[in-house]
Amino acid sequence: MSHTPIDQQRAWCALAEHAAGMGRRHLRDLFDEQPSRYETFGRSAAGLTLDLSKQRWTDQTLELLLDLAREADVPEAIRGLLAGERVNRSEDRPALHTALRLPADARLEVEGQDLVASVHATLDRMEAMVERFHNGQWRGATGKPIRDVVNLGVGGSDLGPLMVTHALADYRPDVEQHIDVHFASTMDGSQLADYLARLNPETTLFVLSSKSFTTIDTLSNARTARDWLKARLLGGARQEGVDEALLMRQHFIGVSASPEKMSEWGIADDHQLEFWEWVGGRYSLWGAIGLPIALVVGMEHFRGLLAGAHEMDRHFREAELADNLPVLLALAGIWNVNFLDIRAHSILPYDGRLEYFAAYLEQLEMESNGKSVTHDGESVSYSTCPVLWGQLGPNAQHAFYQLLHQGTQAVECDFIAPKVRYDDVPDPATRDHLMGQHRLTLANCFAQSRALMLGDAAVADDEDGPRPGHRRYRGNQPSSTLLLDRLTPRTLGALVALYEHKVFVQATIWDINPFDQWGVELGKTMAGETQRILQHEAGLEGMDDSTRGLIEAVWAAEPRADA
């Protein structure tokens, strides 16, 4: 049943009127008028500190945004999400990634089934696998212990585990057998080919991660990996007793919601990990898709990651809207996109361990909220997800910060950094030097957000008079700063959950579904059709002129069998 669009409701209209009155008021004036903005717009929870004082808003703005959240029924939406209601309306199922991080003594019954028991059964199974690897007991077909694991996945089956394993590399446990984890996602095989040229097939195992177990990128890489193992271990001077069944058993693990397809492909039943239909791919690192994470950091730290995310879940459920970190971060984005017309958002971590965090958020936010149709199937008349991109802040300062400071387009920025680093280095001289480097990094982080805010006011004019135009900075670029107490499994879990919930709140206000991705599915369908044409050299007449010309150019360049 249709209802009044959100942009025609009272709270939205009040915000639009307020935004017109705010005009292009400058952040430096807002700080002059309200010197205690950090106290007013700062919040902390779950080991995170969120500073929203550099957003271009006032107390009145925030009150109006909170009215908008109430009018969009955000509190009820939060309750429904965490209770397992069918919030993924287009696919008629829950979105229960939060269930993956519930503690073992919790209970969540959804449609007559207690999910917590099955979730922890999978975690226990995963833990048993991880212990076998770390104890040197998982052996390849020739009897040698596995040393390298290659994760074959794409999208959420790749970006989340890749991001976390890199971020938490300092937390590798002291185990008998160290496992190196690698990631191959590209369907062209270039990443995988590089690994296969360097790895030993006798000591290499592949994890096939695909919710549907039909993802062409992943299965293409998996077939290449299988052929490589067969050629190396079954061909030529093959070792006695090694056959294809043993090879498949000892060198492949599957993670999917489709056990029958894993079995058809040849993965042993007891080397399969469960993935549920009620978990979206980009929300899946908390469960069996996180196996590569557990192999790097151990199950104790993996459970710490889950605990940090659960702490943010609790905060999201229990905190009042005005003190709720995901809600406030979401409202800042709504204000920028819909009322200040800022359509670009940059993610800027100031810690090298968070190198892949921006790429992870690109998928999380743009695949979730890159939608233009409401739950009722009506086209939206307002902007939804901004274009999101980012890079490590210290490197980005020498790349695209020029556009942030002096370009023609306004950009909202998120600065992310740990408060403390290197304080646990044993050698005092080394510790002092490294802590000094961290303070230098923080100085750049804080200075950049300040420069984006103040512009010219941050520095004095030249002695010879006002600086020329090419050296002027307009400032007034809004930003949020997120400080982690320190980067640990718990705080990283809380940070990721914070952004997951931010995405959900924005989707609730925009009246869109953040849990489907039909645009992605369309591309897959068309790619399959085009692949058949390229392969069989038939059916070209149904293509548009551009695609027809490109296909013919490829055919002309390919060597012919009769040449």
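Buried means under 20% relative accessible area, exposed means over 50%, and partly exposed lies in between (1.4 Å probe, protein chains only). This is a predicted model: local features need pLDDT of at least 70, side-chain atom pairs count only at pLDDT 80 or more, and totals for chains, interfaces and linings use all residues. Residues are numbered from 1 along each chain as its sequence is written, and side-chain values use heavy atoms, with hydrogens and water left out.

Start with the sheet. Helices (H or I, at least four residues) and strands (E, at least two) are DSSP runs, numbered from the N terminus. Two strands pair if DSSP finds at least two bridges between them. Five strands make an open, parallel sheet in the order 6-5-7-8-9. Its edges are strand 6 (180–184) and strand 9 (272–274), each pairing on one side only. Neighbouring strands are turned by 20 degrees against each other on average, direction ignored. Axes here are lines fitted to C-alpha atoms, for helices over the stretch in contact, with angles from 0 to 180 degrees between N-to-C directions. Strand 7 (residues 204–209) runs parallel to strand 8 (residues 252–256), joined by four bridges. Ser209 has Val255 in strand 8 as its bridge partner.

Contact means heavy atoms within 4.5 Å. Helix 9 (residues 216–233) lies across strands 5, 6, 7 and 8, at about 160 degrees to strand 7. Helix 12 (residues 291–318) lies across strands 5, 6, 7, 8 and 9, at about 155 degrees to strand 6.

Next, the charges. A salt bridge puts a side-chain nitrogen of Lys or Arg within 4 Å of a carboxyl oxygen of Asp or Glu. The structure holds 33 of them. In one, Arg43 meets Asp323, with the closest N and O atoms 2.9 Å apart. Arg43 sits in strand 1 (residues 42–45) and Asp323 in the loop between helix 12 and helix 13 (325–339), 280 residues apart. Arg43 counts as buried because its relative accessibility is 16%. Asp323, at 39%, counts as partly exposed.

Asp124 and Arg303 form another salt bridge, the closest N and O atoms being 3.4 Å apart. Asp124 is in helix 6 (residues 115–134) and Arg303 in helix 12, so the pair ties together parts 179 residues apart in sequence.

Finally, the cysteines. A disulfide is a pair of cysteine sulfur atoms within 2.5 Å. The count is zero. For Cys413, the nearest cysteine sulfur is that of Cys445, 11 Å away.
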